[in-house]
Amino acid sequence: MQNGHEWRPLEISPADVQAEASAEGLSRYLKASVDLGDLLVKEKALVFRGFDAKEDSLGPIIDELLPNRAAYVHGNSPRTKVGRNVYTSTEYPAEFVISMHNELSYAHRWPTRLLFFCAVAPATGGATPVVDGVKWLASLDDEVREAFAGGVRYTQNLHGGRGLGKSWQQTFETDDPEEVERFLTEAEASWEWRRDNALRVTHERRSTLRHPVTGAEVWFNQSDQWHPATLGKDAAALAKVLPADELPQTVSFADGRPIPPEYVLQVRDRGLSAAVDVDWRAGDLMLIDNVLVGHGRQAFSGERRVLVAMSS
């Protein structure tokens, strides 16, 4: 128990599962564990600790934990691809906190599972906070939940190679405009090619989601992370000189009405307040159900290398 919250991820050690304290031991346990999916749905998040996993020995473990490993296509955060659909966690300055979110909740398709691996633990801080999406939704005022009931509209302005934020080539992991258009058609998004090979993408999404197995309704959108009110002084200054629809990314209610700043600040702050921190040790892995659980990042000092992979 932490910060008065009843839920936290289930920690699994070699002794718990009578496995060898090695990456090979974890891989063998996972191969023999036919009910891992049921366990994940029940516990929402699992931490594997003490198996001495290394970055160069992750392949078999990832294959067992993520049977349908997916690429980070349409992702809006800066990352580096380091292997077959394996990425660095969001490359955001160490002094800042990354608020709670479900990965790619703004996209047409989102991963069902996320796997984090700690290659290098930070000197201080750097925990990955996780939040039960049911508790997050329940923590919001009725007024806020009702306002979001109709969903949200996300707008991205993706440059063609030079500009603020990510390019469309980075976002969709391709240089082929036709491939991007096929993706966006399937995603039921609207788009417009603009001058200088830039691309504007607009898409409406739900604000909550029901888990396909449990039926639990969870908060499931990233409106707070797309809203200028939560993005710090630099973003606020940019929002004063650029129209909202010219910012690298912005959000409104699905019908186009602006979202009041106090609403997204409440969403951000209560998500963080309801979360529990998972502190990293080198070799740790954490698997989360990406619908039931949101995640973020605490500020840190020193070197921190946490990798992430996801499953459709």
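**Cavities, cores and a strand**

Mentor: Let's start inside: the second largest cavity is lined by Leu58, Ile62, Val86, Leu115, Phe117, Leu285, Leu307, Val308 and Ala309. Strand S7 (113-120) and S20 are the elements that give two or more residues to that lining. Keep in mind that the model is predicted.

Trainee: What makes the lining of the second largest cavity nonpolar, polar or charged by class?

Mentor: Leu, Ile, Val, Phe and Ala count as nonpolar, and the lining is made of Leu58, Ile62, Val86, Leu115, Phe117, Leu285, Leu307, Val308 and Ala309. The tally is therefore nine nonpolar, no polar and no charged residues.

Trainee: Why is this space called a cavity, and how much space lies in it?

Mentor: The name applies because a 1.4 Å probe fits at its points but cannot get out. About 50 Å³ of space lies in the second largest cavity. S20 gives the largest share of its lining, three residues.

Trainee: What is the make-up of the lining of the largest cavity by class?

Mentor: It has four nonpolar, six polar and four charged residues. Gly counts as polar, and Gly296 is one of the residues closest to the centre.

Trainee: What makes the open space with a volume of about 390 Å³ a pocket?

Mentor: A pocket is an open set of points, whereas from a cavity the probe cannot get out. This one is the second largest pocket, at about 390 Å³. Of its 16 lining residues, the closest to the centre are Asn157, His159, Arg194, Ala198 and Glu246. S10 and S12 are the elements that give two or more residues to the lining, which divides into six nonpolar, five polar and five charged residues.

Trainee: How do you know that strand S12 is mostly covered?

Mentor: Buried means under 20% relative accessible area, and six of the eight residues of S12 (residues 198-205) are buried.

Trainee: Why are S10 and S12 said to pair?

Mentor: Two strands pair if there are at least two bridges between them. Strand S10 (residues 152-158) has seven bridges to S12, so the two pair, and they run antiparallel. Val152 stands opposite Arg205 in S12. Strand S11 (residues 190-194) is joined to S12 by five bridges, also antiparallel, so these two pair as well. Here Trp193 stands opposite Leu199. In the hairpin of S11 and S12, with three residues between the strands, Asp196 takes a positive phi near 60°.

Trainee: Which residues have the most contacts inside the largest nonpolar core?

Mentor: They are Phe116, Phe148, Ile259 and Met286, in a core of 47 residues. Helix H10 (residues 261-274) gives the largest share of this core, four residues. Leaving aside residues up to four places away in sequence, Met286 touches Pro9, Leu46, Val47, Leu114, Leu115, Phe116, Thr128, Val130, Val278 and Trp280. A second, separate core has 24 residues, including Tyr29, Ile61, Phe117 and Leu307.

Note on methods:
Residues are numbered from 1 along each chain as its sequence is written. This is a predicted model: local features need pLDDT of at least 70, side-chain atom pairs count only at pLDDT 80 or more; totals for chains, interfaces and linings use all residues. Side-chain values use heavy atoms; hydrogens and water are left out. On a 1 Å grid over the protein atoms alone, a cavity is a set of points where a 1.4 Å probe fits but cannot get out, and a pocket is an open set with protein on both sides within 12 Å along at least five of seven lines; lining residues have an atom within 4 Å of a point. Grid points are joined across faces, edges and corners, and a volume is the space filled by probe spheres set on the points. Buried means under 20% relative accessible area, exposed over 50%, partly exposed in between (1.4 Å probe, protein chains only). A nonpolar core is a set of buried Ala, Val, Leu, Ile, Met, Phe, Trp, Tyr and Cys residues joined through side-chain atoms within 4.5 Å. Contact means heavy atoms within 4.5 Å.
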